[in-house]
Amino acid sequence: MSAPPTHVVVFLHSGDYDRVHQGLSIAAAAVASGRRAEVYLFWWALERFLDGALDDPDFMGRDDVTNRFESRGMPTLRALLTHLTDSGRFTLAGCTGSLGALGAEARADASGIALWLGWSAILQRTAGVTDRFYL
């Protein structure tokens, strides 16, 4: 019998609120079960974090979902991120290639993203991880 997986990796490419929320929720479920979670930000997801657009749900053209989300007290992206960070079992990383493509290098230091990596390093860090999610 093999050892249970020790961590979960989430690759966030889309900046759509629902996809980012799903990715952070997956990571939150992992840390709640005692596992480590790593979330890697690319392109539009990275841009959402650089813009600090983590507080208000924005489900394009779906006011009904936005209202239900808020009335049920579902956690915002920022609340999920705070929970993950506080767990001590979470790593948030940004892709340097996406950062450059967005022309946002000057915003990296103030982003709150402490770890910046390119694909070579990301592949090394995530080698062998079976629980990977791409959103």
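Q: How does arginine 62 count: as buried, partly exposed or exposed?
A: The general idea is to look at relative accessible area, where buried means under 20%, exposed means over 50%, and partly exposed lies in between (1.4 Å probe, protein chains only). Arginine 62 has a relative accessibility of 42%, and therefore counts as partly exposed. Keep in mind that this is a predicted model, in which local features need pLDDT of at least 70 and side-chain atom pairs count only at pLDDT 80 or more, while totals for chains, interfaces and linings use all residues. Residues are numbered from 1 along each chain as its sequence is written, and side-chain values use heavy atoms, with hydrogens and water left out.

Q: With which residue does arginine 62 form a salt bridge?
A: Side chains of opposite charge can pair when their charged atoms come close. The rule applied here asks for a side-chain nitrogen of Lys or Arg within 4 Å of a carboxyl oxygen of Asp or Glu. Arginine 62 pairs in this way with aspartate 64, their closest N and O atoms being 2.8 Å apart. Aspartate 64, at a relative accessible area of 35%, is partly exposed.

Q: What other residue meets aspartate 64 in a salt bridge?
A: The side chain of arginine 68 meets that of aspartate 64, at 4.0 Å from N to O. Arginine 68 and aspartate 64 are four residues apart in helix H3, so they are separated by about one helical turn; helices (H or I, at least four residues) and strands (E, at least two) are DSSP runs numbered from the N terminus. Arginine 68 is partly exposed, at 39% relative accessibility. Because they share partners, the salt bridges join Arg62, Asp64 and Arg68 into one network.

Q: How many salt bridges does the count come to?
A: By the rule above, the count comes to seven salt bridges. One of them pairs aspartate 131 with arginine 35, whose closest N and O atoms are 2.5 Å apart. This pair links distant parts of the chain, since aspartate 131 is in the loop between helix H6 (119-126) and strand E5 (132-134) while arginine 35 is in the loop between H1 and E2, and the two are 96 residues apart. Aspartate 131 counts as partly exposed, at 22% relative accessibility.

Q: How many aromatic pairs does a search of the whole structure find?
A: A pair of aromatic rings is described by the distance of the centres and the angle of the planes. Rings of Phe, Tyr and Trp (its six-membered ring) pair if their centres lie within 6.5 Å, and planes under 30 degrees apart count as stacked, over 60 as edge-to-face and the rest as tilted. The search finds eight such pairs. Among them, phenylalanine 11 and phenylalanine 42 are tilted, at 6.0 Å centre to centre with 45° between the planes. Phenylalanine 11 belongs to strand E1 (residues 7-12) and phenylalanine 42 to the loop between strand E2 (36-41) and helix H2 (43-51), so this pair ties together parts 31 residues apart in sequence. Both of these phenylalanines are buried, and ring pairs link Phe11, Tyr40, Phe42 and Trp119 into a cluster.

Q: Why is the pair of tyrosine 17 and phenylalanine 59 called edge-to-face?
A: Their ring centres are 5.4 Å apart and their planes stand at 80°, so the pair is edge-to-face. Tyrosine 17 lies in helix H1 (residues 17-32) and phenylalanine 59 in the loop between H2 and helix H3 (63-71), so parts that are 42 residues apart in sequence are tied together. Tyrosine 17 is buried at 1% relative accessible area, and phenylalanine 59 counts as buried at 15%.
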